[in-house]
Amino acid sequence: MRSSYDAVVVGGGHNGLVAAAYLARAGRSVLVLERQEHTGGAAVSARVFPGVDARLSRYSYLVSLLPRQIVEELGLRFATRRRRISSYTPVGDGGLLVDTGSEARTGESFVRLTGSDRDFRAWQEFYGATGRLAQRVFPTLTQPLPTRSELERVVDDPATWSALFERPLGETVESTFADDTVRGVVLTDALIGTFTHAHDPELRQNRCFLYHVIGGGTGDWDVPIGGMGALTDTLADAVRAAGAELITGCAVTEVESDDFTAEVRYEDGVISARHVLVNAAPHELARLLGIPGEPKPEGSQLKVNMVLRRLPRLRDVSTDPHEAFAGTFHIAESYSQLEQAYREASGGRIPSAPPSEIYCHTLTDPSILAPDSDLQTLTLFGLHTPARLFESDPEAAKAMAVKAALAQLDAVLAEPLVDCLALDEDGAPCIEAKSPVDLEREMALPGGHIFHRDLAFPYRSDEADTPAARWGVATDVPNVFICGAGAIRGGGVSGIPGHNAAMAVLETR
């Protein structure tokens, strides 16, 4: 290890690796320091259950925002696979199935649920508009940050701009759709990892919704082939191949800067660098710099990973479980249920009917299992479970939240889920849960916030007088950049903040 580098990247998650690969390929000397014993951050695969050969995407699950540009420019051996079934929402003894491969079948499902084709026609028009928005906005995420007026011109659709950038999303959902279930399916994309409600005047729900519908220019959320670890493994290979150094098991304790040269301190020494790129939350960066920071963010999700012997049977006998679980399986996520859960959580209680979304990745990518395995993985992502609910008694609160969430799933099944769980080599059911408190402890995510802080609209509102400001990665220290999810245009598994931080470094004289 040298004593000085052009750039030190703090954190070997996927964004830090993207930044390091770009800089090293441009001829800069680069060192990546990662506190854990492995790279990847939250984008990793793991064999969670003893004796069970299933490589679960343990913390982050799906890919939408990763630009093909980054994959191609860095020569990554990585691919995703689209899920034909977008979503299934059980309702009574039936349900709403959204099949991207059959407009007629989806329309028939809407009519069975709502009694008419009104909401289906509204659905087509609404998602047609967001699809056009995605095609226009997504390419800007790897370009210098536009101003608000510049982005509005790119969108070139006053009605859609107003609906997503100016008015609470709840107004649009309520005026566009009539059915409570349909409204809820739309709103869930505004609540992933974000504790808010449909009429939040700060528009946190709009910002979250925007990032969920623009990914890839299509809004599709795809399954990573080989699991999420396949991405970060190939990124680590690209970093090393480009000539950067990568050190794991090395926690950074302090960053000091005189605005021109920075010193990065860790347990065994000090490294100097022209630039420091921090792949950590802004709240954590403030701690490293020893300066006052923004208030600690609050995550709001429950993650439950499971391995099943087989998929459970549904109360809805007209739908094959292999289709229902192939997309996003919505539980307790009608519009009214989402609002009720938000009110209960805001009042300090685990929601009585926790909303959640369930994914079965092995239906799309069986390669994460042993050859010829009959097992299936199941991942539950719970909404409206903010960190505050787990602080006084984390384990008891987590057990209560898991029990309540699985009860909502059992209510739409024809058999108890527990009867379908696989057992590990010790005879224990293959199920683990992570609350925001767990994510803070294990992944250094302040408040367990998976986006590092509330998402921001992908534009700037002031003059960009430095490369870092132009690329949306600036901090209060001129030669220290944010390259993680807390950057403008951060959040999700995208590599975009890493790309943009590297571009800012390369533009800096």
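**View 1. Bridge between Asn-305 and Thr-379 in the predicted model**. Thr-379 of β16 is the bridge partner of Asn-305. The two strands involved, β13 (residues 302–308) and β16 (residues 376–382), pair in the antiparallel sense over seven bridges.

**View 2. The open seven-stranded sheet with helix α14**. Strand order is β7-β6-β14-β15-β16-β13-β17, and the pairing is mixed. Because β7 (94–99) and β17 (431–434) each have a single partner strand, they stand at the edges, and one side of each is left without a neighbour in the sheet. On average, neighbouring strands are turned by 20 degrees against each other, direction ignored. Helix α14 (residues 394–410) packs on this sheet and touches β13, β14 (328–331), β15 (356–359), β16 and β17. The direction of α14 makes about 60 degrees with that of β13.

**View 3. The largest nonpolar core, around Val-276**. This core has 63 residues, and those with the most contacts inside it include Val-8, Val-10, Leu-74 and Val-276. Helix α1 (residues 14–25) gives the most to this core, with eight residues. Leaving aside neighbours within four places in sequence, Val-276 is in contact with Val-8, Val-10, Val-255, Ala-262, Val-264, Asn-479, Val-480 and Phe-481. Another core, of 50 residues, lies apart from it; Ala-122, Ala-190, Cys-208 and Leu-455 are among its members.

**View 4. Crossing of helices α1 and α17**. The axes of α1 and α17 (residues 496–507) come within 7 Å and cross at roughly 35 degrees. The crossing is right-handed. Residues in the contact include Val-18 and Tyr-22 of α1, and Ile-496, Ala-502 and Leu-506 of α17. By class, the contact has ten nonpolar, three polar and no charged residues.

Terms used. Residues numbered from 1 in each chain as written. Predicted model: local features only at pLDDT ≥ 70, side-chain atom pairs only at ≥ 80, totals over all residues. Heavy atoms only, no water. Core = buried A, V, L, I, M, F, W, Y, C linked by side-chain atoms within 4.5 Å. Buried < 20%, exposed > 50% of the residue type's maximum accessible area, 1.4 Å probe, protein only. Helix = DSSP H or I, 4+ residues; strand = E, 2+ residues; numbered from the N terminus. Contact = heavy atoms within 4.5 Å. Axes fitted to C-alpha atoms, helices over the stretch in contact; angles between N-to-C directions. Left-handed = near helix turned anticlockwise from the far one by under 90°. Nonpolar A, V, L, I, M, F, W, Y, C, P; charged D, E, K, R; others polar. Pairing = 2+ DSSP bridges.
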